[in-house]
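Subject: Structure for you to look at

Hello,

Here is the structure I promised to hand over. Please open it before you read on.

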Amino acid sequence: METKKVKINLSYLRPNSTFIYPLFSEEGKKILDERIVLTAELIKKITARFGNFVYYAEDGKRAVIQEGKLRAALATSHDVLDEIARTSKLSAEKYHEAERLVDDIIHNLSVEHANVINLIKDLKSFDDYLYNHSVNVGLLTAVFAKKIGGFSDHQYQSITLGAYLHDIGQRKIDKQLLHKQGQLDVLELTKLKRHPQLGYEILKDLEDSNETVLQTVLFHHEKYNHKGYYQLPYENLPIFPKLASICDIYDALTSPRPFREEPFTSCMALKAIVNSISSHFDFTLVSRFVNLMGPILNNDRPIFAVNDICELNTGELALVKGITPGDILKPQVVVFCRFVKEGDRLGVKHYNEPTAADLATENKRVVKKILNNRKQVDAIQKMAKERGLL
Ligand SMILES: [Fe+2]
């Protein structure tokens, strides 16, 4: 069986944790037997002698944690946190901000949900991408829910847990199909689309599961335009799967995948999410995501720049002229043309009098898309320049 060296950052470790494997130094010297309680004093001693990082060798066998073994469960959830740090999705500073927000959720989860946490760990031996993706979506959704606020402690835990487990049903799908490159045929697509249902089946009888977790797993592929996996009416669904779904898309876009050369940058992914308003997500959810999560994910850089071009719900195009602090999707703009149908083609009709509009105070116009096709943007900017708008 394949053995994997797993790095542990001692500075993230909560005192009185234990590991189910022996710990080693970087040079391979055994530091500690398995299941020894790492007290604050012991962590300090190990750090002084071996530095911040220690390792364990994972042999792929299922990490057995007996129910009620609080310390082992705590160690497991810290493994999960450690994975988040190693995926480098966030800058160190932003990671710590996120960590503070979710730490209490994770801590309580590990106490009460040892069985379910084990399911997440199980994913690691099944598929690395799926494991990392699950951990990232769990973290992002926890932070997003905290940023929105207003949920009870129990709801935060359930939202996080549901997000960690959203793709657990893929555990039951043939790996070859999960990793297939190129287009899937109808039968393959049908099989893949069963994963929310399969996840629900895995979790429904587990004591630690609940309605929020099950709804998140079952409905995370539903869409605003009712064209999701089960084509359910989006407006009637609870908010939990919607939060996980937007984080799911963000992580999928920004992760390296064999079928594309480069992952999206944070900014590109946030723009892509804006551009799925009215198809995948509703305006309010996207607005909350880009306003609350955008600064964390894009290191405080706005996703709009002055003279970017956006399409409005009215079919008009507008040049961005100013950003509204705290409400990125309501910029000040100059509306200068609108799309018109010319036979089969879509053309633009320029206004004789371009109109300045502040979308923060105007209700009629709403941002629908940020144009991101470079050639198209260059051509439209050139036209705008000729009309003295740039
Ligand atoms: Fe999924």
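Below is what was found in it, from the overall make-up down to single residues.

**Ground rules**

This is a predicted model, in which local features need pLDDT of at least 70, side-chain atom pairs count only at pLDDT 80 or more, and totals for chains, interfaces and linings use all residues. Residues are numbered from 1 along each chain as its sequence is written.

**Overall make-up**

The protein has 14 helices and nine strands. Both are DSSP runs, numbered from the N terminus: helices are H or I with at least four residues, strands are E with at least two. Of the 390 residues, 34% are buried. Buried means that 20 or more other C-beta atoms lie within 10 Å of the residue's own; exposed means 12 or fewer; partly exposed is in between, and the C-beta atoms are placed from the backbone.

Contacts come next. Two residues are in contact if their C-beta atoms, placed from the backbone, lie within 7 Å. Among contacts with a separation of 6 or more, 65% are between residues 24 or more positions apart.

**The cores**

A nonpolar core is a set of buried Ala, Val, Leu, Ile, Met, Phe, Trp, Tyr and Cys residues joined through C-beta atoms within 7 Å. The largest one has 59 residues. Cys 247 and Ile 273 have the most contacts inside it. Helix α5 gives the largest share of this core, nine residues. Domain 1 (90-274) and domain 2 (304-386) each supply at least three residues to this core. Those domain bounds come from an automatic or database domain assignment.

Which residues does Cys 247 touch, leaving aside neighbours within four places in sequence? They are Val 137, Leu 140, Thr 141, Phe 144 and Ala 163. There is also a second, separate core of five residues, including Leu 23 and Tyr 55.

**The sheet**

Five strands form an open sheet in the order β8-β7-β6-β5-β9, with antiparallel pairing. Strands β8 (345-358) and β9 (367-370) stand at the edges with a single partner strand each, so one side of each has no neighbour in the sheet. On average, neighbouring strands are turned by 30 degrees against each other, direction ignored. Axes here are lines fitted to C-alpha atoms, for helices over the stretch in contact, and angles run from 0 to 180 degrees between N-to-C directions. Two strands pair if DSSP finds at least two bridges between them.

Now strand by strand:

- β5 (residues 309-312) and β6 run antiparallel and are joined by three bridges. Glu 311 stands opposite Leu 317 in β6.
- β5 and β6 form a hairpin with three residues between them. Gly 315, in the turn, has a positive phi of about 85 degrees.
- β6 (residues 316-322) is mostly covered, with five of its seven residues buried.
- β6 pairs with β7 over six bridges, in the antiparallel sense. Leu 319 has Val 334 in β7 as its bridge partner.
- β7 (residues 332-342) pairs with β8 over 10 bridges, again antiparallel. Val 333 stands opposite Ala 357 in β8.

**Helices**

Take α9 (residues 195-203). Its buried residues are His 195, Pro 196, Gly 199 and Leu 203. They sit on the same side of α9, because they cover an arc of only 105 degrees around the axis. The arc is that of the directions from the helix axis to the C-beta atoms. What covers these residues includes α8 (186-192) and α10.

His 133 is found in α5 (residues 128-148). Is His 133 buried or exposed? It is buried, with 20 other C-beta atoms within 10 Å. Not counting residues up to four places away in sequence, His 133 touches Asp 167, Asp 251, Ala 252 and Ser 255. His 133 and Ala 252 are 119 residues apart in sequence, yet 7.3 Å apart in space, C-alpha to C-alpha.

**Loops**

His 226 lies in the loop between α10 (211-219) and α11 (239-254). Its phi is near 65 degrees, a positive value in a residue other than glycine. His 226 is exposed, with 12 other C-beta atoms within 10 Å.

Ser 278 is in the loop between α12 (266-274) and α13 (283-297). Its phi is also positive, near 75 degrees. Ser 278 is partly exposed, with 15 other C-beta atoms within 10 Å.

Best wishes
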